[in-house]
Amino acid sequence: MQRSRLTTNVTVYVCIVILLLVSIAIDDVEARRGRARGRTKSRMQIGLPITGKYRDPESDQYYNNNNGAKITLASHFDYEYVLGHKIAFLCVARGTPRPTITWFKDGVEIFSHLYLHVHEWYIGKDKVKSKIEIDPATQMDAGVYECTADNMYSIDRRSFKTDFSIAFD
């Protein structure tokens with residue numbers, strides 16, 4: 001009789017400990033989710049510290065320079081294209097001196113070829129507009145594209161994620 005009561009008590013204690021451990025694990029996951037949502041995309045995209053302030057004045061002056069390259073207009077982040085149709089991404093940047101725009105796909109610089117064209121227009125003395133067009137789009141064109149604007153004062157970048165869909169007529 002005493003042995004069965006001891007076994008029952010041990011079983012109850014083990015169940016309580018397991019429930020406590022599961023509860024702690026769930027709270028930890030929910031806490032991490034809450035912190036991730038608190039960060040804004042704009043700060044993450046341009047690489048600002050979470051506080052928005054830099055440790056030293058030189059970094060602050062470099063990254064917040066009024067003449068630095070700034071992307072003022074860019075395509076939407078998430079883009080779904082139809083196979084065989086045209087894909088186009090736009091990037092407009094401003095800065096003094098006028099920034100140069102470089103395009104990347106999955107981290108590798110891309111250049112014009114038979115099916116991909118890069119167009120660039122200078123607007124005024126401090127603005128540049130760049131557009132890439134891929135026609136016709138294939139499965140291999142899916143990925144992450146990035147537009148980088150840079151001049152002697154700063155660098156700014158925007159990313160565009162693409163995936164394809166199949167259109168049924």
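1. In this note a residue is called buried when its relative accessible area is under 20%, exposed when it is over 50%, and partly exposed in between, with a 1.4 Å probe and protein chains only. The structure is a predicted model, in which local features need pLDDT of at least 70 and side-chain atom pairs count only at pLDDT 80 or more, while totals for chains, interfaces and linings use all residues. Residues are numbered from 1 along each chain as its sequence is written, and side-chain values use heavy atoms, with hydrogens and water left out.

2. As to the overall layout, the chain has three helices and nine strands, and from the N terminus on these elements run α-α-α-β-β-β-β-β-β-β-β-β. Both kinds of element are DSSP runs numbered from the N terminus, helices being H or I with at least four residues and strands being E with at least two. Of the 169 residues of the chain, 24% count as buried. Among contacts between residues at least 6 apart in sequence, 61% join residues at least 24 apart, where contact means heavy atoms within 4.5 Å.

3. Four strands form an open sheet in the order 1-3-7-6 with antiparallel pairing, two strands being counted as paired if DSSP finds at least two bridges between them. Strand 1 (70–74) and strand 6 (116–123) stand at the edges with a single partner strand each, so one side of each is left without a neighbour in the sheet. Neighbouring strands of this sheet are turned by 20 degrees against each other on average, direction ignored; the axes are lines fitted to C-alpha atoms, for helices over the stretch in contact, and angles run from 0 to 180 degrees between N-to-C directions. Within the sheet, eight bridges join strand 3 to strand 7 (residues 127–134), and phenylalanine 89 stands opposite isoleucine 132 in strand 7.

4. Strand 9 has pairings of its own to check. Strand 8 (residues 143–150) runs antiparallel to strand 9 and is joined to it by eight bridges, with glycine 143 opposite threonine 162, and the two strands form a hairpin with four residues between them. Strand 2, by contrast, pairs with strand 9 in the parallel sense over five bridges, and the bridge partner of tyrosine 81 in strand 9 is phenylalanine 164.

5. A search of the whole structure finds five aromatic pairs; rings of Phe, Tyr and Trp (its six-membered ring) pair if their centres lie within 6.5 Å, and planes under 30 degrees apart count as stacked, over 60 as edge-to-face and the rest as tilted. The rings of tyrosine 79 and phenylalanine 89 have centres 5.8 Å apart and planes at 70 degrees, so this pair is edge-to-face. Tyrosine 79 lies in strand 2 (residues 78–82) and phenylalanine 89 in strand 3 (residues 87–94), so the pair ties together parts that are 10 residues apart in sequence. Tyrosine 79 is partly exposed at 28% relative accessible area, whereas phenylalanine 89 is buried at 2%.

6. Phenylalanine 89 also forms a stacked pair with phenylalanine 160, at 5.1 Å centre to centre and 15 degrees between the planes. This pair links distant parts of the chain, from strand 3 to strand 9 (residues 155–165), 71 residues apart, and phenylalanine 160 is buried at 0% relative accessibility. Ring pairs link Tyr79, Phe89, Trp103, Tyr145 and Phe160 into a cluster.
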